[in-house]
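Colleague: Before I use any of these terms, I would like to hear what stands behind them. Please go through them with me.

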Amino acid sequence: ITDITDRKLADQRQALESRLLEAISSGLPLAEVLAGIARGVEEVLPGSAACILAADAEGVLRLAAAPNLPPGLLERIRSQQIGPESGLCAAAAYRRLPVTSEDILQDPQWSEVGKTALEEGLRACFAVPVLGRRSEVQGTVAAYYSKPYHLEPDELAFLERTAHIAGIAIQRDRREQELRLLEVAVSRLNDLVLITEAEVYDEGGPRILYVNDALVRRTGY
């Protein structure tokens, strides 16, 4: 008899990561992708309740996905200022490192968020930061447990990989928003703007990629 538990878990995690990356590349809305990541964490880490927070420009973590956290805790973590004493997720974002609490009841680093977690029947939490390409904070991914829990190294590594995927999704969404804003700005210019390919790929010449409204009005084409 051969125990293949570890191999099956590795296959499960790989399948989840592939599914999430495919969802990102297919252009699903960010909220759906992050909700899928949270559900995937709960699927791979049985007994956990996942939570994803996204950072805004003011350094505040905003609730992005938490399909199974208790309502009281959801209200408490809906927005958190990034800092060392605002809770584990805020501390993980502040330190840019994983922050763990195997038993909230015995952990002095918890703030009011920890009290609310205990009131809602949660006893352990593990939070990892979501970082961008330049190590800028994009948010956090966390897993809560209803009893004291020891997270194995491979489970923590899985949370970190999941946070990396969440970072890809958040960065892609923000880049697309910036591009949409740029397109709106260019389209309203009075100057004529025409963008083409740099090289000739066929007999018709470089293809036109974009023209703004001013060019259409002035030329009639």
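Colleague: What is the bridge partner of Ala 54 in β2?
Modeller: The partner is Arg 62. This is a predicted model, in which local features need pLDDT of at least 70 and side-chain atom pairs pLDDT 80 or more, while totals for chains, interfaces and linings use all residues. Residues are numbered from 1 along each chain as its sequence is written, and side-chain values use heavy atoms, without hydrogens or water.

Colleague: Why are β1 and β2 called paired?
Modeller: Two strands pair if DSSP finds at least two bridges between them. β1 and β2 have four bridges, in the antiparallel sense, so they count as paired. Strands themselves are DSSP runs of E with at least two residues, and helices are runs of H or I with at least four, both numbered from the N terminus.

Colleague: What makes β2 and β3 a pair?
Modeller: Three bridges join β2 and β3, again antiparallel, and therefore the pair meets the rule of at least two. In β3, Ser 79 is the bridge partner of Arg 62.

Colleague: Where do these strands sit in the sheet?
Modeller: The open sheet has six strands in the order β3-β2-β1-β6-β5-β4. Its edge strands are β3 and β4, each pairing on one side only.
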